[in-house]
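I opened the model to go through its helices and strands. My entries follow the order in which I looked things up.

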Amino acid sequence: MLVTLDPRDERPLYLQIVDQVRRALLDGTLRAEDPLPSVRELAGELVVNPRTVSQAYRELEGEGVIYVRRGQGTFVAPTIHPDRRERRALVRGVAERALVEARRNGLEVEELITMIREVAVEEEGEESLTTPALRTAATAATAAKGGAA
Amino acid sequence: MTHPNASASDYAVATHGLSKRYGRKTALDQVELRVPDGAVYVLVGVNGAGKSTLFKMLMNLERPDAGTAVVFGLDTGREGPEVRAQVGYVPDRQDAPYRSMTCARLLRHVAAFYPEWDHAYADRLVHALGVPPQQLVGGLSKGGTRRLQLVLALAHRPALLLLDEPTDGLDPVVRRRALALLAEHLADTPTTILISTHHIQELESLADHVGMLRDGRLVAQMPREELQRTVRSYQFEVPDGWQVPQELQATALRRSSAGRDVRCTLVGEEQEVTGRLVASGARVRQVSTLALEDAALAFLPEDAS
């Protein structure tokens, strides 16, 4: 598992570490009973205060995602079913960040949700459609959809 | 969050009214430093703000004109040697003593003073930082001296590290390695660290407390989250003839404006500050958090950057 921190991300560093572990569980880079780097290793690698790493590990341990085997280290829980709960936690984090940003800009929740759908449809369209005519059609469809909602 | 009820023993380092003048220049003015036990406290300030003077006073290498400094409950003026035994110090000055000794010899020499000296760890540090054992101390480059000083400060695993610009003169690769070693050191050994730097951004993820020193005065000190929560950049639109509201005036730190758009760094809880801006007729358009460095620089004079 590779953890990278984003200095521009305004969330506390420990939460960034928590999220990255969750992500690694979701995409399969981390699996049940896999060992995690020690607090010391991760602190040295990321050049962060070891307390930050400990805090992240405590949080994950509290959620039952990882556990500590005395004298051996920290491991992913044997009965982890990352799909549902981890995915939910991850989505929640992304949603919370988007909401903070929306409120700062004086936007309504509904406006944000509608626009996310619109943008997603547009991007999907751009990926799958190559001719300008089709892209125009997709944009028109998006606009119609937005208007209907 | 500060600890109004905390007793002196909760602080690894505390100074009370610490003041120092050199001739007509005030080096330190009534400094009330509070470094919580186990903290990584970053001291920020421009050159000449008094950082090095403060470090020297904690080491009892300089005498204050007024006030006291207490390290682990010991008065640094009366119990200097006892204090120094528990401290690893990387001084601001680059010229190490014992210029005619080899690095290896100096390490053995210093090791003899500390019963806690960890020889295996010292060897590891020498290797990791690339200190040349057979080279004369006097022949080391600026960066080489810094690396040797770091080994000397860390190898006896002191309870307190006083690091005055410890990465000064190191190239970026060694700089990062030194900071990684510091992070590992913290994981292995319970240590309080007081560290001064010109490069706050490199300590961004290690720091948990920050103090801002300006013209010898400690203008603010607080936990890092508090600094980043309460110092933010506000962008807003103002009506003609708009004035900064009275209650924000004292904290309106940096301001730039283009037409009716004003951007300034303000201190306070976001909701409260936004409320006051709105009450003054401003339309708040955006609030953004600042990197640790920018938040800290808000307390320092404009020409600091």
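**Packing around a helix of chain A**

I found that the buried residues of α2(A) pack against α3 (50–62) of chain A together with α6 (172–188) of chain B. The model is predicted: local features need pLDDT of at least 70 and side-chain atom pairs count only at pLDDT 80 or more, while totals for chains, interfaces and linings use all residues. Residues are numbered from 1 along each chain as its sequence is written, and chains are lettered from A and ligands numbered from 1 in the order in which they are written.

I took helices (H or I, at least four residues) and strands (E, at least two) as DSSP runs, numbered from the N terminus. Contact is C-beta atoms, placed from the backbone, within 7 Å. I listed Val39(A), Leu42(A), Ala43(A), Gly44(A) and Leu46(A) as buried in α2 (residues 39–46) of chain A (20 or more other C-beta atoms within 10 Å of the residue's own, with C-beta atoms placed from the backbone).

**Sheet of chain B**

I read the strand order as β7-β8-β9-β4-β10-β11 (chain B), an open sheet of six strands with mixed pairing (at least two DSSP bridges per pair). β7 (87–90) and β11 (217–223) of chain B are at the edges with a single partner strand each, so one side of each lacks a neighbour in the sheet.

I looked up β4 (residues 40–44) and β9 (residues 192–197) of chain B: they run parallel, joined by five bridges. Val42(B) has Ile195(B) as its bridge partner in β9(B).

Note on methods. Buried ≥ 20, exposed ≤ 12 C-beta atoms within 10 Å, placed from the backbone. Contact = placed C-beta atoms within 7 Å.
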